[in-house]
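Colleague: I would like to go through this model with you. Shall we start with a helix residue?

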Amino acid sequence: MRPTGRATGAAASLLLFCAFTACLLLVLASGAGAYRDIRQVGEECFSENTCVSYIATKVRHYDSAGDVQIGRIGDAQALQLREVIDGEVYVTSLYCSDGQVMELFYPEGLEFSPEDGTPVLAAQSLDFDVTPDGLLRVSCIGTSGKEASVELSLRSGEVAPS
């Protein structure tokens, strides 16, 4: 018995549908793999990029003559940001302690230990220095072990001596 035109057309349509479905599944599988890779890279860079962005925003907020200074909280290097509130000087210190970027707000002149701060986000280390050009460099090594840094030009001109 020979196939009729209707049976041949149905078989061709079924074959075409199967080929389309297979191509669709391949595209979806490759798209899911690409999404997974992009998400992994984003997660790896999250802590260090967020860290330097957070600190850069804080510096821009406090940037006025003599209000940005590199100092210490205990053994930890800290970026100290000063402001006057109701005639009193307060300091916001940003530093890294026990795998966390910490923030500590206190009246100037008091002493605190690194554990007294509030954890902001996880990071392996945080470093501050002044470049030969007078820029404030903030470097953060995140939880993935990758480093992100930013150099900030202060409107006030320079980082105050500690």
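Modeller: This is a predicted model, where local features need pLDDT of at least 70, side-chain atom pairs count only at pLDDT 80 or more, and totals for chains, interfaces and linings use all residues. Residues are numbered from 1 along each chain as its sequence is written, and side-chain values use heavy atoms, with hydrogens and water left out.

Colleague: In which helix is Lys58 found?

Modeller: Helices (H or I, at least four residues) and strands (E, at least two) are DSSP runs, numbered from the N terminus. Lys58 lies in the run of residues 5-62, helix H1.

Colleague: Is Lys58 buried or exposed?

Modeller: Buried means under 20% relative accessible area, exposed over 50%, partly exposed in between (1.4 Å probe, protein chains only). Lys58 has 18% relative accessibility, so the residue counts as buried.

Colleague: How many disulfides does a search of the whole structure find?

Modeller: A disulfide is a pair of cysteine sulfur atoms within 2.5 Å. The sulfur of Cys18 has its closest cysteine sulfur in Cys23, 11 Å away, too far for a bond. Cys140 is in no disulfide either, with the nearest cysteine sulfur, that of Cys51, 3.1 Å away. The number of disulfides in the whole structure is zero.

Colleague: Which strands stand at the edges of the sheet?

Modeller: Two strands pair if DSSP finds at least two bridges between them. The open sheet has the order E6-E7-E8, with antiparallel pairing. Each edge strand has a single partner strand, so one side is left without a neighbour in the sheet. The edge strands are E6 (125-130) and E8 (147-152).
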